[in-house]
Amino acid sequence: MARPRQFDEAAALDAAIRCFWSRGYAATSVRDLAEAMGITGPSLYNAFGDKRALYLKAIDHYVENGFCDRVRRFEHQLAPHAAIAAFFDEIVALSLADTEHKGCLVVNSALEVAPHDAEFQLALAAVLGDMEAFFLRCVQAGQADGTVHAAQPAADLARMLLGLLMGLRVLARARPEPALLRGMVRPVLALLQAGVSAAPAPPS
C-alpha cells in the first residue's frame, strides 16, 4: 500500500510558483524547488514528476487560483460590462501591489519558455484561449443586453481585451504607475460602451 503524502500539495505548488516566479523556468533547479517546497528531491519526483511536469502543474494551479477564481467571482455575479471592468480593476491592483515586479506567471512563461518549447506553447495557448473566451462571453452578453456596443464583432473586441491584459501585465513590470495602467484600461472600457445603440455586429 502506498504511503500517504506527508505534505500539503497545494502549499507545495504555491511554493513552486514563487520559486519559478522569482528565478524563471530555466534558472530554477530541482534542488531550488525542493528547498522552497520543503520536501526532498525524491518526494518531488514522486508527487509531481520532473521539473517540466511540475512547471505545468504550477501554471495550472496559478491559473486556477487566479484567472479562474476571478471568472467565478465576476462573470455570473456582475453585469457583462461590470464584470470586464472588475476583472481589469483587480489586474491593475495586483500589478501595483507587486513590489517585486514579478509580473504574471503566464505572461512570463509565454515570453521565456513558449517560443522554444512546443509543449509549453500549446499549454499556454490553451490558457490564453480560456481568457479570450471569458472576454468573448462577456462581450456577447453585453451586446445582447445593450450594454456593450455592437458596431464591432464580439470576437474582435474579445481579442482587444486579451491584448490589453497582456500589455498591462508586461508594462507593469517596467512601469508600475497607477496613472499609466489605469489610463490604459479606462478608454477601452469607454469604447465598449460607446454607441450602444449601434446596429448589430457583423458576423465574427
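Which residues does His-61 touch, not counting residues up to four places away in sequence? They are Ala-10, Leu-13, Asp-14 and Ile-17. This is a predicted model. The chain has ten helices and zero strands. Its 204 residues are 42% buried.

**Overall fold**

- Read along the sequence, the pattern is α-α-α-α-α-α-α-α-α-α.
- The C-alpha atoms fill a box of roughly 65 × 40 × 30 Å along the principal axes.
- Take the contacts between residues at least 6 apart in sequence: 68% of them join residues at least 24 apart.

**His-61 in H4**

- His-61 is found in helix H4, which spans residues 51-65.
- His-61 counts as buried because its relative accessibility is 15%, under the 20% cut-off.
- Helix H4 also gives two or more residues to the lining of the largest pocket.

**Nonpolar core**

- The largest nonpolar core holds 62 residues.
- Phe-20, Met-37, Leu-54, Phe-87, Phe-88 and Phe-135 touch the most other members of this core.
- Helix H9, residues 154-174, gives the most to the core, with nine residues.
- Phe-87 contacts Phe-67, Arg-70, Phe-74, Phe-134, Phe-135 and Leu-165, leaving aside neighbours within four places in sequence.
- One of these partners, Phe-135, is itself among the core residues that touch the most other members.
- Another partner of Phe-87, Arg-70, is also among the residues nearest the centre of the largest pocket.

**Annotated region**

- The unreviewed UniProt entry carries the annotation "DNA-binding region" over residues 29-48.
- In the model, residues 29-48 are 80% helix and 0% strand.
- The end C-alpha atoms of this stretch are 14 Å apart.

**Largest pocket**

- The largest pocket holds about 350 Å³ of space.
- Its lining consists of 25 residues.
- Trp-21, Tyr-62, Arg-70, Leu-94 and Arg-169 lie nearest the pocket centre.
- Helices H4 (51-65), H5 (67-74), H6 (80-97), H7 (105-112) and H9 each give two or more residues to this lining.
- H6 gives the largest share, six residues.
- By class, the pocket lining has 14 nonpolar, four polar and seven charged residues.

**Largest cavity**

- The structure holds one cavity of 30 Å³ or more.
- The volume of the largest cavity is about 40 Å³.
- Ser-95, Asp-98, His-101, Gly-103, Arg-169, Ala-172 and Arg-173 form the cavity lining.
- H9 provides the largest share of this lining, three residues.
- The cavity lining divides into one nonpolar, three polar and three charged residues.
- Arg-169 lines the cavity and also lies among the residues nearest the centre of the largest pocket.

**His-101 in the H6-H7 loop**

- His-101 sits in the loop between H6 and H7.
- The phi of His-101 is near 55°, a positive value in a residue other than glycine.
- Most residues other than glycine have a negative phi.

- Met-160 is found in helix H9.
- Met-160 is partly exposed, with a relative accessible area of 27%.
- Met-160 touches Val-188, Leu-191 and Leu-192, not counting residues up to four places away in sequence.
- Met-160 and Glu-177 are 17 residues apart along the chain, and their C-alpha atoms are separated by 22 Å.
- Arg-159 also has its place in helix H9.
- Arg-159 is partly exposed too, with a relative accessible area of 45%.

Definitions and conventions: Residues numbered from 1 in each chain as written. Predicted model: local features only at pLDDT ≥ 70, side-chain atom pairs only at ≥ 80, totals over all residues. Heavy atoms only, no water. Core = buried A, V, L, I, M, F, W, Y, C linked by side-chain atoms within 4.5 Å. Buried < 20%, exposed > 50% of the residue type's maximum accessible area, 1.4 Å probe, protein only. Helix = DSSP H or I, 4+ residues; strand = E, 2+ residues; numbered from the N terminus. Contact = heavy atoms within 4.5 Å. UniProt positions renumbered as here; feature names shortened; annotations may be inferred. 1 Å grid on protein atoms, 1.4 Å probe; cavity = no way out; pocket = protein on both sides within 12 Å on 5 of 7 lines; lining within 4 Å. Points joined across faces, edges and corners; volume = space filled by probe spheres on them. Nonpolar A, V, L, I, M, F, W, Y, C, P; charged D, E, K, R; others polar.
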